[in-house]
Amino acid sequence: MSGVKRTINIGLLEDDPPKPGEWVLIHVGFALSKIDEAEAAAALEFLESIGKAYEDEMAALLESRIE
C-alpha cells in the first residue's frame, strides 16, 4: 500500500486464501478478511481523514500560545 511492502500473515483466511489482485483488510500484519474494492477505498479514505485531522490538530497546537 502506498509503495510500502510488508509480509502479511494470511492464516486467518486459510479456508479462502486471497489471490493476487484481491483486497484484504489487514491489521497488525494479519489479513482479517477479504473486502471488495469499494470497501477498500472507503477504508483508505477514512484512514487518510484521521491522518489529516491529526495534522490539523498538531498545526493548531504549534500556532497557539499558552499563557
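Leaving aside its neighbours within four places in sequence, which residues is P18 in contact with? Select P18 and have a look: the partners are I10, L13, V24 and K34, where contact means heavy atoms within 4.5 Å.

A quick word on what you're looking at. This is a predicted model, in which local features need pLDDT of at least 70, side-chain atom pairs count only at pLDDT 80 or more, and totals for chains, interfaces and linings use all residues. Residues are numbered from 1 along each chain as its sequence is written, and side-chain values use heavy atoms, with hydrogens and water left out.

**Stay on P18**

P18 sits in the segment before β1. At 23% relative accessibility, P18 counts as partly exposed, because that label covers the range between buried (under 20% relative accessible area) and exposed (over 50%), with a 1.4 Å probe and protein chains only.

**Next, the two strands**

Select residues 23-27 for β1 and 30-35 for β2. The two pair in the antiparallel sense over 5 bridges; pairing requires that DSSP finds at least two bridges between the strands.

**Now the turn**

Click on V28, in the loop between β1 and β2. The hairpin has 2 residues between its strands. V28 has a positive phi of about 40° although it is not a glycine. Most residues other than glycine have a negative phi. V28 counts as exposed, at 67% relative accessibility.

**Zoom out**

Colour by secondary structure and you'll find 1 helix and 2 strands, in the order β-β-α along the sequence. Helices here are DSSP runs of H or I with at least four residues, and strands are E runs of at least two, numbered from the N terminus. The chain's radius of gyration is 17 Å, well over the 11 Å that the globule rule gives for 67 residues, so the chain is more spread out than a compact globule. That radius is taken over C-alpha atoms, and the rule is 2.2 Å times the number of residues to the power 0.38. Along its principal axes, the C-alpha trace spans about 60 × 20 × 20 Å. Finally, switch to an accessibility colouring: buried residues make up 6% of the 67.
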